[in-house]
Protein chains: 2
Amino acid sequence: MSVVEQPTATLHFPPLQPPKRYLFGPGPTMVDPRVYAALSKPIVGHLDAYFIQVMGDVQQLVKMVYGTTDGSALVISGTGSAGMEAAITNFVEPAAKFAVFANGYFSDRLTEMAKRHGANIARFEKSWGEVYSDDEARDFIRREKPQVVAFVHAETSTGALQKGDAICKAAHEVGALVIGDCVTSLGGVPVNFDETGIDVAYSCTQKGLSCPPGLSPMAISERAMKWLGARTTSPRSWYLDLKLIHDYSTVSHRYHHTAPISMFYALREALMVIVEEGIENRWERHRRANRSFVGGVEALGLKMHVPPEHRIANLSTVRVPPGVDEAKVRKHLLDGPGIEIAGGFGPLAGKVFRIGIMGPLATEENVQFFLREFKKALNAQGYEA
Amino acid sequence: MSVVEQPTATLHFPPLQPPKRYLFGPGPTMVDPRVYAALSKPIVGHLDAYFIQVMGDVQQLVKMVYGTTDGSALVISGTGSAGMEAAITNFVEPAAKFAVFANGYFSDRLTEMAKRHGANIARFEKSWGEVYSDDEARDFIRREKPQVVAFVHAETSTGALQKGDAICKAAHEVGALVIGDCVTSLGGVPVNFDETGIDVAYSCTQKGLSCPPGLSPMAISERAMKWLGARTTSPRSWYLDLKLIHDYSTVSHRYHHTAPISMFYALREALMVIVEEGIENRWERHRRANRSFVGGVEALGLKMHVPPEHRIANLSTVRVPPGVDEAKVRKHLLDGPGIEIAGGFGPLAGKVFRIGIMGPLATEENVQFFLREFKKALNAQGYEA
């Protein structure tokens with residue numbers, strides 16, 4: 001046992017004492033105390049009737065936030081990126097034609113995953129922050145005739161919201177399935193899964209749902225479930241195989257993997273908080289907070305990166321004013337009042353702040369608190385409104 | 001918004017109130033109140049210096065429980081099965097020769113994953129519950145000359161412990177890497193990663209580590225890290241790509257995915273509980289509890305499925321006595337005192353009980369509590385010791 005004794009003896013860690021943060025970034029965001037309480041309830045087994053019930057409740061609640069009555073809900077035991085990979089591995093067969101609207105970081109990630117799954121990829125590239133008109137979407141899809149189309153509904157890296165209606169309509173005309181990345185939109189702005197016609201959507205827990213990160217709630221249309229049922233090859237990922245996960249979660253409850261029980265408790269509670277507020281009320285609260293936030297940043301003489309009609313209510317990109325070092329502004333906010341926001345990356349590195357006003361923070365009081373501290377941090381870097 | 005309004009209005013769920021369970025199954029197991037407290041501490045961002053520190057602490061603690069000073073530790077944001085898939089997708093290239101010791105459910109799962117990753121598979125089959133002698137292991141590996149060898153250290157489905165020394169030695173002679181499934185062994189019985197010569201090990205949080213499920217701690221030898229660094233193709237999974245995860249976790253801290261912050265808090269605390277007890281003391285406590293447990297079941301006239309020299313201290317398979325319906329015994333235990341144990345599956349369905357005496361339950365008092373209730377449940381099914 002000599003190999004083990006030495007490191008044990010020298011391992012001394014202080015008690016866990018996370019600093020108090022105001023999470024005004026793109027996620028993770030603030031969590032309701034009720035959700036923390038649920039998170040730490042005693043676990044039961046992953047095949048316990050009580051847990052099966054919890055999974056069932058979560059599925060119903062997930063359907064509600066997505067806005068689907070026809071579709072199915074499944075929850076992946078991984079983060080939003082695991083949901084993205086589940087969408088790809090289950091619905092993009094090797095050599096399938098995969099068309100992606102590429103206007104930000106997460107469409108690049110979709111592209112990378114599809115490439116690794118052997119897809120034949122067609123990208124429609126636009127600058128980060130731009131969106132696609134209905135005509136552009138339709139023309140691209142008619143020209144490429146893909147088997148699968150993917151778009152990012154609310155692109156966290158740019159702050160732009162891409163409407164899905166025309167994409168879904170054109171995709172269905174050519175017989176394609178549509179994957180919609182709803183990581184940032186779910187719970188913050190309407191997804192309207194059924195109305196829009198999305199076939200496969202994935203999200204995360206730590207943005208619009210105000211829950212800690214760790215699970216990926218998905219919605220899957222009847223059409224996509226049928227397609228999956230007819231698929232004769234196995235997805236390359238076993239862990240993310242939706243047929244097996246569906247069977248464990250909703251049909252036979254046969255063991256697939258040991259679901260993260262505590263995270264399901266937390267997600268159930270986070271969704272119940274949303275139900276109690278009412279999903280439309282929640283969307284309206286985010287819209288109101290966003291109006292106030294945008295008014296405030298414009299009053300500071302700052303510019304929004306995305307035009308008003310394409311903004312995401314719960315995630316904004318604000319242009320860094322000339323001469324200001326955005327990293328120093330972020331450091332000032334974090335070291336002082338403990339506010340976390342994010343910078344841009346890729347083509348937007350150094351050019352934008354990414355600010356999330358969501359969940360418990362989407363109130364007038366919190367917006368004003370943020371604006372006050374943001375102004376001070378900018379002033380400290382020599383910026384005068 | 002009409003699609004949404006209707007389901008919202010009809011969604012009424014009772015408050016989350018999980019029943020009290022004594023988790024005497026193969027996992028999840030009981031969790032220390034300190035770990036639940038850590039789980040519900042306020043989250044910080046996944047790129048926050050505090051969280052980077054937490055990840056670093058966890059890596060050091062994971063190395064300690066695995067018994068490695070030379071290897072690296074990484075934690076996968078998924079359950080034990082995600083760790084298994086990470087081992088396969090990163091270390092088994094398509095068409096690689098993959099040799100697996102197939103004596104239980106989890107070696108079948110390894111086989112299935114390797115198949116999906118396009119490996120050329122050689123299986124050495126044995127009955128569930130049997131293990132491989134040093135000679136058998138060496139002969140198989142010398143004959144097959146694989147690039148990757150996989151074995152299950154503690155096979156949850158059978159209760160048998162497979163020593164890894166001879167496997168690793170023979171594998172290294174033919175230039176192969178060794179994957180060791182330590183899902184059930186880590187924290188319960190010694191893994192001795194460096195001494196044994198394992199190259200890639202994965203585990204879970206909800207068995208020997210006494211933490212809720214949701215993460216998969218891995219250990220990776222220097223040899224395996226070098227091999228991975230030299231690999232020129234991308235693993236088929238992006239989510240489980242260990243080069244990217246290693247970079248995020250330990251090198252650049254560049255964003256890969258949003259790590260499940262709360263689960264990392266919990267795992268850090270669970271590992272600190274282990275450090276404070278001392279890992280050798282913990283192993284000894286499990287061994288002692290197991291001796292007492294085995295003595296008790298044998299006194300009831302029951303038979304262990306695995307011979308003494310191949311048993312797992314924290315997970316036992318007890319043969320179901322003739323004429324007893326094991327499902328009814330389990331139901332009796334769950335409905336009465338709230339004790340969860342598991343049945344067998346595959347070739348052992350209906351033939352064994354799978355009983356975990358681990359973590360907080362591995363004390364004389366808890367063993368005696370279990371044995372009393374187990375006896376009553378067996379008696380209720382007409383079994384008389």
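In the predicted model examined here, B:Phe51, B:Val54, B:Met55, B:Asp57, B:Val58, B:Leu61, B:Met64 and B:Val65 of helix α3(B) meet B:Ile261, B:Phe264, B:Tyr265, B:Leu267, B:Arg268, B:Leu271, B:Ile274 and B:Val275 of helix α11(B), two residues being in contact if their C-beta atoms, placed from the backbone, lie within 7 Å. The residues of this contact of α3(B) with α11(B) divide into 14 nonpolar, no polar and 2 charged, where Ala, Val, Leu, Ile, Met, Phe, Trp, Tyr, Cys and Pro count as nonpolar, Asp, Glu, Lys and Arg as charged, and the others, Gly among them, as polar. Because the model is predicted, local features need pLDDT of at least 70 and side-chain atom pairs count only at pLDDT 80 or more, whereas totals for chains, interfaces and linings use all residues. Residues are numbered from 1 along each chain as its sequence is written, and chains are lettered from A, and ligands numbered from 1, in the order in which they are written.

The axes of α3(B) and α11(B) come within 9 Å and cross at roughly 40 degrees, axes being lines fitted to C-alpha atoms, for helices over the stretch in contact, and angles running from 0 to 180 degrees between N-to-C directions. That angle makes α3(B) oblique to α11(B), since angles under 35 degrees count as roughly parallel, over 145 as roughly antiparallel, 65 to 115 as roughly perpendicular and the rest as oblique. The crossing of α3(B) past α11(B) is left-handed; a crossing is so called if the near helix is turned anticlockwise from the far one by less than a right angle, and right-handed if clockwise. Helices (H or I, at least four residues) and strands (E, at least two) are DSSP runs, numbered from the N terminus.

In chain A, helix α3 (residues 49-66) and helix α11 (residues 261-277) pack with their axes 9 Å apart and at an angle of about 40 degrees, which makes α3(A) oblique to α11(A). The residues of the contact of α3(A) with α11(A) divide into 15 nonpolar, no polar and 2 charged.

Two open sheets of chain A were examined. One has 7 strands in the order β2-β10-β9-β8-β5-β3-β4, with mixed pairing, two strands being paired if DSSP finds at least two bridges between them. Strands β2 (72-76) and β4 (120-125) of chain A stand at its edges, each with a single partner strand, so that one side of each is left without a neighbour in the sheet, and the twist averages 20 degrees from one strand to the next. The pairing of β13(A) with β14 (residues 352-356) of chain A is antiparallel and runs over 2 bridges, and A:Arg354 in β14(A) is the bridge partner of A:Ala342.

Chain B is superposed on chain A, with an RMSD of 0.0 Å, by a rotation of 180 degrees with 0.0 Å of shift along its axis, the superposition being made by least squares on the C-alpha atoms of residues with pLDDT of at least 70 in both. The two copies are thus related as by a two-fold rotation axis, and in chain B the C-alpha nearest the axis is that of B:Gly78, 2.5 Å from it.

The contact between the chains takes 77 residues from chain B and 77 residues from chain A. Several helices of chain B each supply at least two residues of the side that touches chain A, among them α1 (2-10), α3 (49-66) and α12 (279-299), while α11(B) gives the most, with 8 residues. The residues of that side of chain B divide into 37 nonpolar, 24 polar and 16 charged. Of the interface residues of chain B, 100% are also interface residues in chain A, so the copies meet through the same surface.
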